[in-house]
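Biologist: I want to learn how to read a fold from its coordinates. Can you take me through one?

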Amino acid sequence: METFDAIVVGGGPAGSACAERLVQAGASVLVLDREEFPRTKLCAGWITPEVVADLDLDVEGYPHRFNTFNGIVVHLKWLKFTLPSVQHSIRRFEFDDYLLRRSGARLRTHNVRSIERVPDGFIVDGAFRSKYLVGAGGTRCPVYRTFFRDANPRARELQAATYEHEFAHRWRDERCHLWFFEKGLPGYAWYVPKADGYLNCGIGGMAEKLKARGDDVKRHWNHFIGILARRGLVEGAGFAPKGYSYYLRGGVEVVRTGDAFITGDSAGLATRDLCEGIGPAISSGHRAAESIIEGTEYRLDDLAAYSSDIGLVQRLLERAFAGSRLRPPETRPVREAVGL
Ligand SMILES: Cc1cc2nc3c(=O)[nH]c(=O)nc-3n(C[C@H](O)[C@H](O)[C@H](O)COP(=O)(O)OP(=O)(O)OC[C@H]3O[C@@H](n4cnc5c(N)ncnc54)[C@H](O)[C@@H]3O)c2cc1C
């Protein structure tokens, strides 16, 4: 049986961030992922400056597509305005492969099915053994399923349903656009251009709210592609969208049991306003590694639940109401109204 200090299940941003820190500290680390990398991950691929800093990413030296926006064009009902904010886009197909290889961990394409706890650690599928086990397998993570599901059942009201397509496209508008609450969508739609002629268009909303109305993201998708065509943003594209769901930040109660940890989407860490999950995945991966290396407590309850300190939704509203005699609604009632 192959033996390691730590096995990380899942090679997305949470897994590679954790693996890299462990390897840097001298640990022997195996990352198991059921997909061969580079692999497709449905995601708009929007990353914040905090993600770039947390990863210590050398943007000049990054060998793949990297795009920077200086503003986001926000469409909110009848309003359209640009919110000044420096943000970036990458293609997950390239980014995740880059981070995983950069980690220096041993990699193995392997679909994890069964995990056994033994006195000195864990045995995975009877083939791999380790003292520490890190769950970074996203929504359907087997580490979550085996050791954490009973203590942290998924909260249905925090499930986000998405539908999206990324494709080669010679876009003409280089700006990132977001459409909030179109046709009553409890969520938003996005147009995110990537460097060198790639584009990601998608839509996401709170699954439970949609279901209660007999609605779904696919119906909103048809409305959305109509907007893209009318605005001349995307013409003549043969869309082939796919769906995926994940969980937003709830009360993250149990994130460690003995020497098993959960990180990223397996712990349901994406922010509640913009459903941003890459940053929380990386932060949690780093924290799990630090806890293993330093022997310190592993905590995630103080990770930000919203995408900016003062809340992007509130900033959007303040901007939308600027110059008007009307006052912006308070953040919390608005968040509750849209199910965030
Ligand atoms: C449509 C969409 C758009 C999004 N847009 C953004 C965005 O623009 N910005 C942002 O910050 N966040 C975005 N998110 C959220 C973000 O993609 C996730 O939060 C993030 O990928 C979580 O990273 P992770 O490492 O926890 O999991 P993942 O990236 O999902 O990685 C999990 C890995 O585990 C592997 N795995 C799963 N099961 C097993 C198994 N049994 N055995 C072995 N391996 C397994 C998978 O193959 C996968 O590689 C979006 C999500 C969706 C669905």
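This is a predicted model: local features need pLDDT of at least 70, side-chain atom pairs count only at pLDDT 80 or more; totals for chains, interfaces and linings use all residues.

Biologist: How does the radius of gyration of the protein agree with that of a compact globule?

Modeller: Set the value against the globule rule for the chain length. For 340 residues the rule gives a radius near 20 Å, and the protein has 20 Å, so the two agree. Along the principal axes, the C-alpha atoms fill a box of roughly 65 × 40 × 35 Å. Of the residues, 44% count as buried.

Biologist: What does the secondary structure come to?

Modeller: Ten helices and 16 strands. Then ask how far apart in sequence the contacting residues are. Among contacts with a separation of 6 or more, 70% join residues 24 or more positions apart.

Biologist: In which sense do strand 4 and strand 11 pair?

Modeller: Parallel, over five bridges, between residues 66–76 and residues 176–180.

Biologist: Which residues touch the most other members of the largest nonpolar core?

Modeller: That core has 87 residues, and the ones to look for are Ile7, Val8, Cys18, Val29 and Val134. Take Val8 and skip its neighbours within four places in sequence. Its contacts include Cys18, Val29 and Val134. Gly15, Ala19, Val31, Ala105 and Ala136 are also in contact with Val8.

Biologist: Which residues come nearest the ligand?

Modeller: Gly10, Gly12, Gly138, Gly264 and Gly277, out of 38 around it. Next, sort the shell by class: 17 nonpolar, 13 polar and eight charged residues. Then sort by element. Those that supply at least two residues each include helix 1 (13–24), strand 2 (29–33), strand 10 (159–168) and helix 8 (278–294). Strand 14 (242–247) and helix 7 (264–267) do too.

Biologist: Now a single residue. Why is His88 classed as partly exposed?

Modeller: Count the C-beta atoms around it. His88 has 19 others within 10 Å, and buried would take 20 or more, so the class is partly exposed.

Biologist: Where does His88 lie, and what is it in contact with?

Modeller: His88 lies in strand 5 (residues 79–90). Beyond four places in sequence, its contacts are Ile47, Val52, Phe66, Asn67 and Thr68. Thr48 is 40 residues away in sequence, but 6.1 Å away in space, C-alpha to C-alpha.

Definitions and conventions
Residues are numbered from 1 along each chain as its sequence is written. Helices (H or I, at least four residues) and strands (E, at least two) are DSSP runs, numbered from the N terminus. A residue is buried if 20 or more other C-beta atoms lie within 10 Å of its own, exposed if 12 or fewer, and partly exposed in between; C-beta atoms are placed from the backbone. Two residues are in contact if their C-beta atoms, placed from the backbone, lie within 7 Å. A residue is near a molecule or strand if its C-beta atom, placed from the backbone, lies within 6 Å of it. Ala, Val, Leu, Ile, Met, Phe, Trp, Tyr, Cys and Pro count as nonpolar, Asp, Glu, Lys and Arg as charged, and the others, Gly among them, as polar. A nonpolar core is a set of buried Ala, Val, Leu, Ile, Met, Phe, Trp, Tyr and Cys residues joined through C-beta atoms within 7 Å. The radius of gyration is taken over C-alpha atoms; the globule rule is 2.2 Å times the number of residues to the power 0.38. Two strands pair if DSSP finds at least two bridges between them.
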